[in-house]
Amino acid sequence: MTELSLTDVLRARRTIEPHLPPTPLWSYPMLNEVVGATVHVKHENTQPTGAFKVRGGITLLAGMRPEERERGVLAFSTGNHAQSIAYAARLFDVPCVIVMPENPNPAKVGAVRALGADVEVHGRGMSEAQEHAEKVADDRGMTLIGVAEPELISGVGTLYLEIFEAVPDLDVLFVPVGGGSGAAAASLVASAVAPRCRVIAVQSESSPAAHDSWRAGACVTRPNHTVVEGLATGRGFDLPQQIMRDRLTDFVLVSDGRIRSAQRLLLTHAHTLAEGAGAAPLAALLARRAEFTGRRVGVVCTGGNASAAEVTEVLAAADPAG
Ligand SMILES: *Cc1c(COP(=O)(O)O)cnc(C)c1O
């Protein structure tokens with residue numbers, strides 16, 4: 001199995017530096033008051049694709065051999081992974097195909113096409129889309145990019161370097177989890193540069209595969225019913241789980257309802273439109289706020305790609321400041 005270290009993250013930072021400026025880390029007095037702690041919000045929603053994954057996409061494509069690049073890349077995803085790979089492919093002039101299951105959200109198809117990628121709609125669900133993507137990759141000699149590749153982990157690790165450089169004495173950091181690459185990167189970087197900072201991973205209780213895999217010490221499959229796209233996964237992935245195993249402090253579950261409420265709080269108290277996954281860290285913090293009174297807390301707003309329908313749900317959610 002691949003051994004990743006801080007060196008890989010430092011190298012990734014040199015790779016992405018010319019392409020992506022550091023994102024802001026802001027603190028909001030009104031939000032701090034509600035939480036009872038100093039909350040530092042890392043704004044990955046300001047990335048050009050609206051989500052943190054683009055750090056990984058650029059790192060991975062930058063490291064490909066010229067002959068691999070020429071044949072192109074392929075991913076199956078409806079969401080931010082698709083946009084990350086499409087963005088990096090355009091940057092490096094690499095042909096890119098994104099496979100999505102039938103009846104995709106037209107806005108998501110539009111976002112990927114606007115980045116210059118070809119969208120192929122195939123399969124009734126993600127697993128059929130995956131089969132099709134594997135076949136296309138085989139037939140055309142394109143590189144299929146999964147969600148838990150080592151370069152994606154070292155690439156997204158750069159955001160945690162930025163956090164600890166800005167606030168070296170952070171007490172605790174909350175990170176949302178789908179496949180687990182982001183939380184793996186967070187725990188890797190924290191253990192190397194801020195070993196006293198607790199890193200707490202967060203998933204939806206409606207899709208607990210990564211959480212349960214971490215608790216079990218082995219990858220498991222679980223029902224996958226969350227409406228929060230970035231957190232939706234039905235299984236654990238080996239590499240991120242292996243990295244998180246000894247480094248992550250804790251792993252918690254929150255309800256989709258609490259995530260919507262946290263999105264609302266970011267909107268009303270932090271001028272921030274977060275998608276569900278980007279507010280899951282704040283939701284977990286709010287659920288345990290008594291434990292962190294007066295502390296310095298980091299929450300990663302991993303993305304801001306909320307649809308209009310999602311924003312309507314957010315405005316109807318319970319007000320946690322209420
Ligand atoms: C993908 C994604 C996540 C989860 O990241 P993993 O590295 O898959 O665990 C969290 N938030 C957003 C906005 C995402 O797009």
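Does D93 count as buried or as exposed, and at what relative accessibility? At 70%, D93 counts as exposed. The legends below describe close-up views of a predicted model.

View 1. D93 has a positive phi of about 60 degrees, although D93 is not a glycine. The loop that holds D93 runs between α5 (80–91) and β4 (96–100). Exposed means over 50% relative accessible area, so D93, at 70%, counts as exposed.

**View 2. H271 also has a positive phi without being a glycine.** The phi of H271 is about 50 degrees. H271 is found in the loop between α12 (256–270) and α13. What relative accessibility does H271 have? The value is 71%, so H271 counts as exposed.

**View 3. The ligand is surrounded by 15 residues.** The closest are K53, N80, G178, G180 and T302. By class, the shell has four nonpolar, nine polar and two charged residues.

View 4. How much of the ligand does the protein bury? Taken alone, the ligand exposes 380 Å², and the protein buries 96% of that.

**View 5. F174 and F292 form one of two aromatic pairs in the structure.** A pair of aromatic rings is described by the distance of the centres and the angle of the planes. For F174 and F292, the centres are 5.6 Å apart and the planes are at 85 degrees. The pair is edge-to-face. F174 lies in strand β7 (residues 172–176). F292 lies in the loop between α13 (276–287) and β10 (296–301). The pair therefore ties together parts that are 118 residues apart in sequence. Both F174 and F292 are buried.

**View 6. W214 and F251 form a tilted aromatic pair.** Their ring centres are 6.1 Å apart. The planes of W214 and F251 are at 50 degrees, so the pair is tilted. Which elements does this pair join? W214 lies in helix α10 (residues 209–216), and F251 lies in strand β9 (residues 250–254). The pair therefore ties together parts that are 37 residues apart in sequence. W214 is buried, as is F251.

**View 7. R69 lies over the face of F92.** The distance from R69 to the ring centre of F92 is 4.8 Å.

**View 8. P150 lies in helix α8 (residues 150–166).** Its relative accessibility is 19%, so P150 counts as buried. How far apart are P150 and L4 in space? C-alpha to C-alpha, P150 and L4 are 7.2 Å apart. In sequence, P150 and L4 are 146 residues apart.

**View 9. P21 lies in the loop between α1 (6–16) and β1 (25–26).** P21 is exposed, with a relative accessible area of 59%. P21 and G125 are 104 residues apart in sequence. In space, P21 and G125 are 36 Å apart, C-alpha to C-alpha.

Technical notes: Residues are numbered from 1 along each chain as its sequence is written. This is a predicted model: local features need pLDDT of at least 70, side-chain atom pairs count only at pLDDT 80 or more; totals for chains, interfaces and linings use all residues. Side-chain values use heavy atoms; hydrogens and water are left out. A residue is near a molecule or strand if one of its heavy atoms lies within 4 Å of it. Accessible areas come from the Shrake-Rupley method with a 1.4 Å probe; for residues, only the protein chains shown count as cover. Ala, Val, Leu, Ile, Met, Phe, Trp, Tyr, Cys and Pro count as nonpolar, Asp, Glu, Lys and Arg as charged, and the others, Gly among them, as polar. Rings of Phe, Tyr and Trp (its six-membered ring) pair if their centres lie within 6.5 Å; planes under 30 degrees apart count as stacked, over 60 as edge-to-face and the rest as tilted. Helices (H or I, at least four residues) and strands (E, at least two) are DSSP runs, numbered from the N terminus. Buried means under 20% relative accessible area, exposed over 50%, partly exposed in between (1.4 Å probe, protein chains only). A charge sits over a ring if NZ of Lys or CZ of Arg is within 6 Å of the ring centre and within 35 degrees of the ring normal.
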